[in-house]
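Biologist: Could you walk me through a few local features of this model?

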Amino acid sequence: MKNPVPRFVAFFSAIILSLFSLLVLLTIQIKFVRVSGSIWIVVPIILFVFAYLVFLFFIKRYIHRKIKLIYKYILNTKLGSGSGSKKHTFPDLSIVEKDVEQWAHHQQDQMKSLEQTAKYRREFVGNVSHELRTPIFNMQGYLETLLDHGVRDEKVTLDYLKKAIENLERMNRIVHNLEAISRLEEGGVELNVNRVNINALAKEVMGLLAVPAKEEQVALSIKAGCDKSFWVMADEDLIRQVLINLVFNAIKYSKPNQEGIVKIGFYDMVDHILTEVSDQGIGIAAKHLPHIYERFYRIDKGRSRKTGGSGLGLSIVKHIIDAHGQTVNVRSRDGFGSTFGFTLKKA
Ligand code: ADP
């Protein structure tokens, strides 16, 4: 039943009034004149209907007056101005009730999202300062030592300056990655989607990473049977970044002092092309797999730092692939290597 309270109140008030009219009729009959049969029925019924409508009208008007201001406020602050009643006249109480419920839910959601944003911000600022602190300390140490002890030995001086610059580069990389992450998270990146030959792009990336691969004794190659054109619809610059991050990780996390092989393969999956980067490196234990795309997540912080990592590479990969509306996945066995794969729409 819609708005039971005002209706019940009006109903019972009207009943009481009808009963009262019967009492009045009875008094008239006893004290004055005889009241005819039909009047006993007609008067209470007419009085009941009339009283019910009048009571209902005044009760509703009273309630409307009381909640009008707060309702107006709720209506103005409700989820967008598009939802709910937009009538200028005060709507029925059931609509008010629905609107207030919606508003309360919306307020709750907003509170939750504000709490999450605040938590995210706290964590983010904490992580960023933590990440930047190490290279800043290092740089400070090298430069202060040079200042304190003077530039006596040219070789040591050059070595310290080189190390200071390496730390500066690390800071630069962190800032660059942070910028990329925040742009991707804001959704402010407009994809420039074109037909791209992902095999050619992978070969370009292999060329870009030839030096670090050589330093780590890792051979980069395209998987047998995959060395042909695979056309996808993608933002070339962003997917280049994805491949750089994945191949660079495959090199960085190769087994130390061992020759390694990193292969890039492509698989035709009807509507999509699956690109996979596999290595024979240190692998990732199952318990870490659900977390590796989180910002700043690193399994072995020492190793990651040593190789210039900041724990942002895979997070950027995930954001870029998400922005393409595609998926990224990983298979890995601790100690036996990893395979990272992502899909792209076929061109
Ligand atoms: P980082 O800058 O530390 O490499 P990433 O976001 O790229 O950050 O990777 C997150 C973590 O996932 C790394 O610190 C590393 O522990 C792990 N990881 C990523 N790629 C590989 C891989 N190919 N083999 C083993 N571990 C990996």
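Modeller: Happy to! This is a predicted model, so local features need pLDDT of at least 70, side-chain atom pairs count only at pLDDT 80 or more, and totals for chains, interfaces and linings use all residues. Residues are numbered from 1 along each chain as its sequence is written, and side-chain values use heavy atoms, leaving out hydrogens and water.

Biologist: At what angle do helix α5 and helix α7 pack?

Modeller: Helices here are DSSP runs (H or I, at least four residues), and strands are E runs of at least two, numbered from the N terminus. Helix α5 covers residues 198–208 and helix α7 residues 236–252, with their axes 10 Å apart. Axes are lines fitted to C-alpha atoms, for helices over the stretch in contact, and angles run from 0 to 180 degrees between N-to-C directions. The angle is about 50°.

Biologist: Which loop holds Q217, and what is its phi?

Modeller: Q217 lies between α6 (210–215) and β2 (218–222). Most residues other than glycine have a negative phi. Q217 is not a glycine, yet its phi is positive, at about 55°.

Biologist: Is V270 buried or exposed?

Modeller: V270 sits in the loop between β4 (260–269) and β5 (272–278), and has a positive phi of about 65°. Buried means under 20% relative accessible area, exposed over 50%, and partly exposed in between (1.4 Å probe, protein chains only). At 68% relative accessibility, V270 counts as exposed.
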